[in-house]
Amino acid sequence: MSRADSVVVTDLSRYDGWLAWLTAAATEDPDVRCVWVGGSAVTGGYDEWSDLDVVALCTPGTSSAAAERWLAKARTDFDVRDVWEPPVTTWPDGRQLFLNLQDRPGLLEEPTRLVDLVVLDLADLHSHVDVRRHGRLLVLHDPESLIVLEPEDTAAAMAEALDQVRQRRVTGEWLVNRAIARGHVAEAVDLYLRFPLAGVVRLLRAEHCPWRHDFGLRYLREDLPAEVADRVEELVPGATSASLEELSLRCYAWLDELLA
């Protein structure tokens, strides 16, 4: 059964206050047209360390101001300890905010309470959601029925990405092994992750989960068969006693099998 056919039932009780707040804030803000929860809450893999992934779509041209209002209101209504806002170029038509209700959630000393809020201008690009990729959304506010759940055509993007994997095969191996031979360990690890390992994962995703072909190592165990995910993780530096040179040989051998 694909993600498009399944409904993930998740206990979001530790975010109950936020869910109610988001729904009320959207209802009261005329610029906000629809709001939903996505991420692991609806795709699977949600656990005690998961954040709450929220998307809000606004009347075009108003998303930045709406994000500012919501941030100010959140600081008033919740004990927000930390906020990270990625550069504005991350979303040319909106804003993203990570709101932490803990000083150091990275210590994992208690269940995570972190809201990843993306506020964007309303556009088909954002309101048309591929349920295979993003799951069946938990809709909090959509009085105009703007959210459209439909499969997305990823064929062209995937074909271009796979062509790049093939093209980079020879040059990538030279870059990785040259760094290893020179004893440039940090550079070698970086190149190894970016070239052969990323290429293997991209090809595996194209076979097993094409709608998330570009998710890299994220959600690996949700998207690939267990034995395949195990084999990938054995190629991660430090996962076994194998040297980087050994890993490179094994990874490129697998890459060649997949390309063939």
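Helices α6 and α10 pack at an angle of about 170 degrees, with their axes 11 Å apart. Axes here are lines fitted to C-alpha atoms, for helices over the stretch in contact, and angles run from 0 to 180 degrees between N-to-C directions. That makes α6 roughly antiparallel to α10. The label follows from the angle: under 35 degrees counts as roughly parallel, over 145 as roughly antiparallel, 65 to 115 as roughly perpendicular and the rest as oblique. On the α6 side, the residues that meet α10 include Val-165, Arg-169, Gly-172, Val-176 and Ile-180. Their partners in α10 include Leu-244, Ser-248, Tyr-252, Leu-255 and Leu-259. Contact means heavy atoms within 4.5 Å.

This is a predicted model, in which local features need pLDDT of at least 70, side-chain atom pairs count only at pLDDT 80 or more, and totals for chains, interfaces and linings use all residues. Residues are numbered from 1 along each chain as its sequence is written, and side-chain values use heavy atoms, with hydrogens and water left out.

Now turn to the other partner of α6. The axes of α6 (residues 155–182) and α7 (residues 185–208) come within 9 Å and cross at roughly 150 degrees. These two helices are therefore roughly antiparallel to each other. Their crossing is left-handed, a term for a near helix turned anticlockwise from the far one by less than a right angle (clockwise would be right-handed). From α6, the contact uses Met-158, Ala-161, Leu-162 and Arg-168, among others. From α7 come residues including Leu-191, Tyr-192, Phe-195, Pro-196 and Gly-199.

The buried residues of α9 (residues 226–233) are Val-228, Ala-229 and Val-232. They cover an arc of only 100 degrees around the axis, which puts them on the same side of α9. The arc is that of the directions from the helix axis to the C-beta atoms. Buried means under 20% relative accessible area, exposed over 50%, and partly exposed in between (1.4 Å probe, protein chains only). The buried residues of α9 pack against α7, α8 (220–223) and α10 (244–259).

Next, look at α3. This helix covers residues 63–77, 15 residues in total. It reaches 20 Å from its first C-alpha to its last, close to the 21 Å expected at 1.5 Å a residue. The expected span is 1.5 Å times one less than the number of residues. Ser-63, Ala-66, Ala-67, Trp-70, Leu-71 and Ala-74 are buried in α3. Seen down the axis, they fall within an arc of 135 degrees, so they line one face of the helix. They pack against α1 and strands β1, β2, β3, β4 and β5.

Two residues deserve a stop. Ser-63 counts as buried because its relative accessibility is 3%. Beyond residues up to four places away in sequence, Ser-63 touches Cys-58, Asp-93, Gly-94, Val-119, Leu-120 and Asp-121. Thr-112 lies in the loop between β4 and β5. At 6% relative accessibility, Thr-112 also counts as buried. Leaving aside neighbours within four places, its contacts include Arg-14, Tyr-15, Trp-49 and Gln-102.

Finally, the whole chain. It has 10 helices and eight strands. Helices (H or I, at least four residues) and strands (E, at least two) are DSSP runs, numbered from the N terminus. Buried residues make up 46% of the 260 residues.
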